[in-house]
Amino acid sequence: MSKNKEFVKFENVDKSYDGKQLVVKGLNLDIEEGEFVTMLGPSGSGKTTCLMMLAGFETPTNGQIYLDNKVISDIPPHKRGIGMVFQNYALFPHMTVYENLAFPLRVRKIPKDEADKKVDKALSMVSLQGFEARMPMQLSGGQQQRVAVARSLVFDPQLVLMDEPLGALDKNLRESMQYEIKHIHENIGVTVVYVTHDQTEALTMSNRIAVFNDGKVQQLSSPDALYEKPVNSFVAEFIGENNTFGGEISEVSGDKCKVKLNSGTEILANPIVAKTKGEKTTVSLRPERALIDPETKMDNNYKGNIEEVIYHGDHTRLRVDLLGNKNFILKVPNSSNRMDIKEGKEINIGWNSIDCRALDPK
Amino acid sequence: MSQEQILSSDGIPLQESLKKAERKNKLKALFLVAPLFLFILIIYIFPIGDMLFRSVDDRMITKMLPKTFIAMEKWDGKDLPEEPVYEGLYEDLSLLKKNKTFGKIIARLNYEKSGFSSLIKKTIRKIDKLEEGNYKEQFIKIHKRWGQSEYLVALKNTAPNWSYAKYLKGVDLKFDESRNIIQQDEDRRIYKTLWLRTINVAFWVTIFCFILAYPIAHLLATLPMKYSNLLMICVLLPFWTSLLVRTSSWMVLLQQQGPINDLIVWLGWAADDNRPELMYNVIGTFVAMTQILLPFMVLPLYSVMKTISPSLMRAGKSLGGTPLVSFFKIYFPLTIPGIGAGSLLVFILAIGYYITPALVGGASGSLISNNIAYHMKSSLDWAFASALGTMLLVGVLAIYWVYNKLVGIDNIKLG
């Protein structure tokens with residue numbers, strides 16, 4: 001059986017709360033069955049609103065949402081059969097772990113012995129067997145989180161929504177939970193729509209990431225494509241670290257172009273958004289793609305002054321004054337043959353034009 | 001006993017130096033608490049103690065007729081007593097007459113047995129003319145009731161210093177001549193009805209308050225701030241108005257020519273010449289008390305509902321519970337501490353409510369507290385008022401105890 005490519009489909013969805021501002025603008029988004037899609041964006045970008053519309057707690061102002069090819073706008077939340085993990089877990093504080101997990105089964109009138117099996121299975125999935133009789137308040141944050149995940153999966157929904165579920169956990173726990181959720185997803189093959197503002201979380205867990213800003217999906221692609229090939233300045237800035245130069249296209253030749261920077265220098269770049277001569281552009285370059293004293297020949301090579309050295313353990317960050325950008329960041333991996341880097345020293349920096357993407361101007 | 005004593009660095013046992021270090025703070029705390037403690041002691045503990053004391057204190061007659069009662073100790077209480085008792089009576093009553101303090105004793109004895117009033121009055125009037133010796137005969141000559149043993153038995157029955165007769169009266173019971181507990185005479189049985197009515201009114205007022213307050217509290221807890229503040233003011237507005245003003249405005253509304261009756265007539269539910277009585281009966285008490293006590297139900301409910309995350313209801317729905325199921329399985333159980341606190345508060349306030357039933361209750365809508373007030377102000381039977389008050393207090397404590405057993409007092413949330 002082939003997988004439904006449009007298992008979840010947003011079609012021209014608009015959403016406004018006050019009739020003055022659109023929180024979500026003409027959203028189109030397809031999610032494949034069994035996929036792990038993350039909605040990533042700064043707060044107020046409309047990602048949680050999208051999730052709430054999918055869950056049925058908000059109604060789209062315009063447009064349609066389809067689940068498995070059926071319009072779901074008229075289906076109330078409790079009939080959608082969508083599992084959901086909430087930001088603060090929303091465990092029922094007056095029920096034990098078992099009762100929490102049995103709740104979706106009981107309202108579906110599943111016989112008790114079958115329900116017991118399902119609860120047991122779900123708890124073993126998050127390795128919390130033996131915690132059935134505990135109250136949520138007696139559990140640690142991480143355990144509560146796992147119960148919430150187990151509860152959203154216990155009634156075998158086709159789709160699970162997660163609304164910043166790891167936001168309240170500390171860093172270490174968050175990382176281990178990321179892997180745990182990812183593995184659960186791989187094991188049972190359920191479709192997951194995940195909302196977060198934490199890009200590392202998104203990059204670690206997802207099949208595809210939808211970057212939201214200003215009520216729109218800026219880019220929907222796999223984590224590597226998102227990082228390596230951002231399609232606009234917002235995505236380039238939002239995901240990972242980014243060095244930028246403002247300038248104007250002065251010449252285009254095939255897959256390369258020349259950009260005349262504001263400081264007057266011309267550099268070679270890869271035309272992505274800005275493709276015609278005279279167009280304003282922001283050139284984006286990942287810090288790790290620029291090398292100090294490159295051994296192989298690179299088509300951009302300039303000298304810069306080290307302004308600041310920040311030791312990070314596994315790598316050292318350099319802030320360099322390069323071509324008029326005083327905040328050009330370089331990452332030097334920590335290795336035994338450490339280079340002599342000191343503040344005020346002049347160094348040679350080189351990068352390939354293909355890594356240097358001419359995007360829309362900021 | 002091999003446990004080693006831990007010393008602080010200057011060699012003093014740790015516990016001692018800790019006490020020393022904490023002493024100053026403890027004294028400070030005590031000093032801060034002292035005014036309130038004294039205030040409670042003087043304004044609250046002493047009066048309640050005094051009330052308890054008064055309700056059982058029955059030394060008045062014994063004190064006023066000391067010689068009589070000493071003489072009576074030797075009397076078996078069957079036939080007429082011997083001479084010493086009458087001699088005692090003579091001396092005691094003469095003294096009372098001289099000091100002009102016999103008013104109280106007449107009321108108290110007449111309560112014990114009717115007929116005492118005229119008996120004592122006549123005796124005191126003629127007591128100066130008695131000659132020394134053979135008082136028994138002379139007394140019987142003054143009034144033949146001195147020759148009837150039941151009066152003297154009744155007098156002897158007042159001998160114990162403590163009596164719970166007032167409590168018996170509070171539940172329509174009394175002592176007969178031979179100290180058996182019997183039912184009050186049919187036409188004087190009013191307290192059982194009064195107690196039942198009080199509990200009934202308190203119960204229904206609590207229910208009505210709950211029904212009205214629950215949705216308001218929910219709205220308050222879920223509305224956006226700017227609307228909920230306004231609504232909160234509407235809820236609290238009655239709080240800021242004098243109780244008397246509120247009750248009087250209910251009198252304006254509920255009277256037979258009042259706007260509510262006008263509306264009922266206009267709607268055709270009642271004929272103009274047959275307007276329903278909405279006041280001076282139990283309906284008026286219900287309506288006015290429910291309105292006045294409503295904030296006491298709204299506030300605890302609100303404070304509890306405020307803490308219930310809206311995502312819980314959403315979680316319930318997303319897990320497949322219909323709105324109704326989610327409400328009853330998730331939201332409602334979480335509001336129980338608020339319901340408990342509100343109900344307890346309203347019930348306890350209602351059970352001792354005074355002004356409102358006094359003004360709009362009429363005869364059929366007056367409650368036990370109105371009767372207490374009557375005995376305090378009109379009949380001046382403070383002992384009986386105290387007994388009723390104590391019974392009310394014990395009743396409230398009993399409710400509190402039952403509530404604690406059923407729900408647990410730490411489950412209460414007042415705000």
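## A tour of a predicted two-chain model

Start by selecting A:Lys9 and A:Asp30, whose side chains meet in a salt bridge with an N to O distance of 3.5 Å. This pair links distant parts of the chain, since A:Lys9 lies in strand S1 (residues 8-16) of chain A and A:Asp30 lies in strand S2 (residues 22-31) of chain A, 21 residues apart. Keep in mind throughout that the model is predicted. A search of the whole structure finds 28 salt bridges over all chains, and the next stop is another of these pairs.

Now show chain A and chain B together and select the residues of their contact, to which chain A gives 21 residues and chain B gives 17 residues. The area buried between chain A and chain B is about 1600 Å², and carbon and sulfur atoms give 73% of that area. How many salt bridges does the rule find across the interface of chain A and chain B? It finds one. To see a salt bridge between side chains of the two chains, select B:Arg314 and A:Glu58, which meet at 3.8 Å, N to O.

The remaining stops are helix pairs in chain B. Two packed helices are described by the angle between their axes and the distance between the axes.

Select helix H1 (residues 14-56) of chain B together with helix H19 (residues 382-406) of chain B, whose axes come within 7 Å and cross at roughly 120°. That angle makes H1(B) oblique to H19(B), and the crossing of the two is left-handed. To display their contact, pick B:Ile48, B:Met51, B:Leu52, B:Arg54 and B:Ser55 on the H1(B) side, and B:Trp382, B:Ala383, B:Ser386, B:Ala387, B:Gly389, B:Thr390 and B:Leu393 on the H19(B) side. Coloured by class, the contact of H1(B) with H19(B) shows seven nonpolar, four polar and one charged residues.

The contact of H14(B) with H16(B) has 17 nonpolar and four polar residues, with no charged residues.

Finish with helix H10 (residues 191-222) of chain B and helix H11 (residues 225-240) of chain B, whose axes come within 8 Å and cross at roughly 145°. The crossing of H10(B) and H11(B) is left-handed. By class, the contact of H10(B) with H11(B) holds six nonpolar residues and one polar residue, and no charged residues.

Note on methods:
Residues are numbered from 1 along each chain as its sequence is written. Chains are lettered from A and ligands numbered from 1 in the order in which they are written. This is a predicted model: local features need pLDDT of at least 70, side-chain atom pairs count only at pLDDT 80 or more; totals for chains, interfaces and linings use all residues. Side-chain values use heavy atoms; hydrogens and water are left out. Axes are lines fitted to C-alpha atoms, for helices over the stretch in contact, and angles run from 0 to 180 degrees between N-to-C directions. Helices (H or I, at least four residues) and strands (E, at least two) are DSSP runs, numbered from the N terminus. Angles under 35 degrees count as roughly parallel, over 145 as roughly antiparallel, 65 to 115 as roughly perpendicular and the rest as oblique. A crossing is left-handed if the near helix is turned anticlockwise from the far one by less than a right angle, and right-handed if clockwise. Contact means heavy atoms within 4.5 Å. Ala, Val, Leu, Ile, Met, Phe, Trp, Tyr, Cys and Pro count as nonpolar, Asp, Glu, Lys and Arg as charged, and the others, Gly among them, as polar. Buried area is the accessible area (1.4 Å probe) that two parts lose on being put together, summed over both. A salt bridge is a side-chain nitrogen of Lys or Arg within 4 Å of a carboxyl oxygen of Asp or Glu.
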